[in-house]
Amino acid sequence: MRVIKTVAVVVLFAVVAIAVLLGLMWLDHNRETTLPTPTGPFAVGRATYAWSDAAKVDPMAPQPGSTRELLAWIWYPAAPRQPSQTLDDYLPAPWRTALERQSGALLTQFLTRDLSRVRAHSIRDAQVSPQQHSYPVVFIRAGLAALTTDYTTLAEDLASHGYVVVGFDAPYRSFVVVFPDGRVIARAPQNNADLLDGPQKEQLANKLAQSWSADMGFALDQLERLNASDPSGRFLGRLDMQRVGVFGHSLGGATALQFCHDDSRCKAGIDVDGAPLGSVVADGVTQPFMFLLSDHRGESDAGEPEAIRQAGANIHSIYDRLPNDRRWMIMIRGAGHYRFSDDGAMLKSPLMMRVLRTVGVVRLDGRRQVALTAHYICTFFDVYLKGAPASELKSQPEYPEIEYVH
């Protein structure tokens, strides 16, 4: 009888603890969150475009012969905000609804902030800043199936420094895509690399990276058309198509690397903690390139130790073949793969993040991680797209977390 009572007390205590934890997470979920303020001198605007080309087939669509389509997000240097102008939603309402349906209640109601209460800094459909005739273009590619808007902090910060930042989501590959005509298209199960392992996973990752790279070329074609004949006039002649850069995170980093190999219009690129894939591993790149890495020391990823070792070897192989004045490899001490580039560090439950920091899973404050990443991405493109001195990328005392890898 005593044992039964003890078990009952323990169970009751556990139920109460879980209820309290969920209650605290619910309170966290409903609080407003403001993303970091962009550090550059420009205001930031954001616009979206739906691009399609019946002559191009989407190789990742479940139905053969499906037209290639993209939903593009463009952040850009904007004219100062007027009283009549509103800030854009972090994620538009139809996207929030679709995301909640795909993700489930636990993730969207307890483990992350209410996205309707997330405040970004982009002005909806603002005019491009008149301070310069044109601005360099930089593509941003999300990790795996993540949404482009998950990287809003990096996009807004780079745009505030005088860049047109272009990202895109694709049906059947992005977690979910909502088109202006109301269509909602989720990722197809056969494109979900998380459901695979071993050679099958690597094969799909290679196929995805190559497809995303082709998408980037298609998007660049669309931007050239927009620059030549934008019906709205917003971007007419305002895109400097001779100065195009690209960066991406994780699989997006591998895509950025492959795109610089595939398309000579890419003038500089950054792989943010992505394992190289595809033909670029053997061929390398010729453009200025930076590998911006999280801190993998002390990790005990017993699942794929050989894959981790091979990724490092491939990175060094590509890096070693670049001239000294065109290569950088930088590690952020204490940064984690999933927290030093996207908005997750700001949007996950603060209570959960405190627990993760207490047990050592998160070692460096999330906002600090993203601030460091934003600084080095912007500085790299300032050097190789705007002609700033390369010395700006070298060690600086205000960034003690940075370690240069050779």
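1. Leaving aside neighbours within four places in sequence, Ile-270 is in contact (heavy atoms within 4.5 Å) with Val-246, Phe-247, Gly-248, Ala-256, Phe-289, Met-290, Leu-292, Ile-377, Phe-380 and Phe-381. The model is predicted, so that local features need pLDDT of at least 70 and side-chain atom pairs count only at pLDDT 80 or more, while totals for chains, interfaces and linings use all residues. Residues are numbered from 1 along each chain as its sequence is written, and side-chain values use heavy atoms, with hydrogens and water left out.

2. Ile-270 is also among the residues with the most contacts inside the largest nonpolar core, together with Leu-158, Phe-247, Ile-377, Phe-380 and Phe-381, and this core has 62 residues. A nonpolar core here is a set of buried Ala, Val, Leu, Ile, Met, Phe, Trp, Tyr and Cys residues joined through side-chain atoms within 4.5 Å, where buried means under 20% relative accessible area, exposed over 50%, and partly exposed in between, with a 1.4 Å probe and protein chains only. Helix H11, residues 366-386, gives the most to this core, with eleven residues. A second, separate core of 57 residues includes Phe-139, Leu-204, Phe-289 and Phe-291.

3. For the protein as a whole, the secondary structure comes to eleven helices and 14 strands, taken as DSSP runs (H or I of at least four residues for helices, E of at least two for strands) and numbered from the N terminus. Buried residues make up 52% of the 406 residues, and the protein exposes about 18,200 Å², of which carbon and sulfur atoms supply 57%; the areas come from the Shrake-Rupley method with a 1.4 Å probe, and for residues only the protein chains shown count as cover. Among contacts between residues at least 6 apart in sequence, 75% join residues at least 24 apart.

4. Helix H4, residues 152-160, is mostly covered, nine of its nine residues being buried. Just after H4, Gly-162 takes a positive phi of about 95°.

5. The structure holds one disulfide, a term used for a pair of cysteine sulfur atoms within 2.5 Å. This disulfide joins Cys-260 to Cys-266, with an S to S distance of 2.3 Å. Cys-260 is buried at a relative accessible area of 3%, and Cys-266 likewise counts as buried, at 1% relative accessibility. Cys-378 is buried as well, with a relative accessible area of 5%.
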